[in-house]
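Visitor: Could you take me through how a helix packing is read from a model?
Guide: Let us look at the model together and begin with its secondary structure.

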Amino acid sequence: MEKGEEKETGEATGDKVCRMIEEGYLMSEICEELKISSASYWELKKEWEERKRSESTERREFHRLRVRVHEKCKRLLMRLTKEVAGCCEKGAVEEIERILEGLPLVSDKEALQKDMEVLREKEKEIEDAEHKTGVERRRGQIRQFLEGLVKAEERRLKALDEYAAKQGLSPEEKRKIEKRIREQYGDKMKKEEESE
């Protein structure tokens, strides 16, 4: 018998031993049926146990990765508010939902790793969109605050002008007040006066 044939026969015997161990055969039954020594049995059983441990570890890693992909999908979808989604690339939500829906059918660790890479890219995109929407929101709030200040100052100056008129200030004093109002608000005030 050549080396290649011996190896194939050894692997076939090893597979048979593993199958019989899993089916619950006793050592003596396995040795008798396959015509192997007890030393060979223990060697093959040790290989089978190592293979089982390895398969179990791989299976646990696969399930952990699947759970991580699932959790990341859920977190990203929660972060995608309407305004954030508007700043992301078109189809970002659909891509995350596609990964989430296809997750139960994935049986390949490499496919899960590819999905995780896609999710990392989407996470970066969402972070950028959140930053952009946050900056725009802050700018809007600042703009609104400044407009409120301008309106308050306009009201204050108008009240000052009315007070000056009631008090009978000289035309020179009144011109100073009007000049100050025009310097600060210029055309805005003229438009308001014309609309009134």
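Visitor: How many helices and strands does the protein have?
Guide: The secondary structure comes to seven helices and zero strands, where helices (H or I, at least four residues) and strands (E, at least two) are DSSP runs numbered from the N terminus. This is a predicted model, in which local features need pLDDT of at least 70 and side-chain atom pairs count only at pLDDT 80 or more, while totals for chains, interfaces and linings use all residues. Residues are numbered from 1 along each chain as its sequence is written, and side-chain values use heavy atoms, with hydrogens and water left out.

Visitor: How are two packed helices described?
Guide: The description uses the angle between their axes and the distance between the axes. Here the axes of helix 3 (residues 38-79) and helix 6 (residues 109-167) come within 10 Å and cross at roughly 25°, the axes being lines fitted to C-alpha atoms over the stretch in contact, with angles running from 0 to 180 degrees between N-to-C directions. Helix 3 is therefore roughly parallel to helix 6, a term for angles under 35 degrees.

Visitor: Where in the structure is K72 placed, and is K72 buried or exposed?
Guide: K72 lies in helix 3 and is buried, with a relative accessible area of 11%; buried means under 20% relative accessible area, with a 1.4 Å probe and protein chains only.

Visitor: Which side chain joins that of K72 in a polar contact?
Guide: The side chains of K72 and E123 are joined by a polar contact of 2.9 Å, that is, a pair of N or O atoms within 3.5 Å, of which, within protein, one must be able to donate a hydrogen and the other to accept it.

Technical notes. Parallel < 35°, antiparallel > 145°, perpendicular 65-115°, else oblique. Buried < 20%, exposed > 50% of the residue type's maximum accessible area, 1.4 Å probe, protein only.
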